Amino acid sequence: MLPPEEAGKIEALCKLFPEIQQEVDAIAATFEAGAMQMAVTPSASVKEKLMASLPAKTGTTATPEANGSPAKVVEMKPVAEQKSSFSKLAIAASWGLFLLATAFSYYLYNGKKELGFEVAKLKQASITSEQQVAELNKKVSSYELYRQLKSNPSLTSVMLASVKPEVKQQAEVFWNKATGELFIDPSSLPPAPKGKQYQLWFLIDGQPTDAGMISLTDVAAIQKMKQTKPGAQMFAITLEDEGGKPTPDLSALVVAGKVS
């Protein structure tokens, strides 16, 4: 038999979960059927020995023949056999309840495991949402910076148009003629092919000078470039090998614009 504590747990679970009560009832019915199958019918010699062991009564003893009807025979099981059958039933019941408790524990374990998966999904969704919010904040900051640059009277805006009219691509440069401070908005440029990178140049008397590499991977489009020398007359962007070159490849010219 199960310990009282385990039996109490099973009883409590039965009250909470009707399907468990049904399972317990089914197991009990199976045990009862098994007990009936294990019943042992004593042999005829057992009856004779039992009758012989009874003390003789004084006076006239009625016999089955004297009464005119056969005597009623009551079959009795030996005590040892009864104990054996009960022990088998108790062991079977204990194992049945143990297996039931194990199955329910496995059910709870699977439920907890699925709950863990759901929690992990929620955490991942939360991380993704935080990343999206961070990117949105970068975009908002970039738009705010663009508005500030556009409205700053000390900065000159130079539009860099596509050198190929059939290709829609452009960029915008913000240049402080007094300090040489330089910003660029490359958000309207197409993604660079693998192994390639955009490079900004400024020209003085037709001589190009490197103004830095342009990154299109950052969500914040506005980028601060290298400081220029006074007297820049034109800005241009070429598509160079990743990392850039000291001198531009004019065949890879993408956009260009003159300083007004």
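1. Let's start with Gln199, which is buried, at a relative accessible area of 1%; buried means under 20% relative accessible area, exposed over 50% and partly exposed in between, using a 1.4 Å probe and protein chains only. This is a predicted model, where local features need pLDDT of at least 70 and side-chain atom pairs count only at pLDDT 80 or more, while totals for chains, interfaces and linings use all residues. Residues are numbered from 1 along each chain as its sequence is written, and side-chain values use heavy atoms, with hydrogens and water left out.

2. What surrounds Gln199? Leaving out residues up to four places away in sequence, Gln199 touches Asp210, Gly212, Met213, Ala236, Ile237, Thr238, Glu240, Gly244 and Lys245, where contact means heavy atoms within 4.5 Å. The side chain of Gln199 also reaches the backbone oxygen of Lys245 at 2.9 Å. Gly212 sits 13 residues from Gln199 along the chain, with 6.0 Å between their C-alpha atoms.

3. Now for the strands around Gln199, which lies in strand E4. Strands are DSSP runs (E, at least two residues), numbered from the N terminus. Two strands pair if DSSP finds at least two bridges between them. E4 and E7 pair in the antiparallel sense over eight bridges, and Thr238 in E7 is the bridge partner of Gln199.

4. Tyr198 has Ile214 in E5 as its bridge partner. Two residues stand between the strands of this hairpin, and Asp205 takes a positive phi near 55° there.

5. Stepping back, eight strands form an open sheet with antiparallel pairing, in the order E5-E4-E7-E8-E1-E2-E3-E6. Its edge strands are E5 and E6 (223-224), each pairing on one side only.

6. Which residues have the most contacts inside the largest nonpolar core? They are Leu160, Val173, Leu182, Ile184, Leu200, Phe235 and Ile237, in a core of 20 residues. A nonpolar core is a set of buried Ala, Val, Leu, Ile, Met, Phe, Trp, Tyr and Cys residues joined through side-chain atoms within 4.5 Å. At least two residues of this core come from each of E1, E2, E3, E4, E5, E7 and E8. Apart from it lies another core, of five residues, including Leu155 and Phe174.

7. Finally, look at Thr156 in strand E1 (residues 156-162). Is Thr156 buried or exposed? Thr156 counts as buried because its relative accessibility is 16%. Beyond residues up to four places away in sequence, Thr156 touches Val173, Phe174, Trp175, Lys177 and Val259.

Note on methods
Helix = DSSP H or I, 4+ residues; strand = E, 2+ residues; numbered from the N terminus. Polar contact = N/O pair within 3.5 Å; in protein donor to acceptor, adjacent residues only side chain to side chain.
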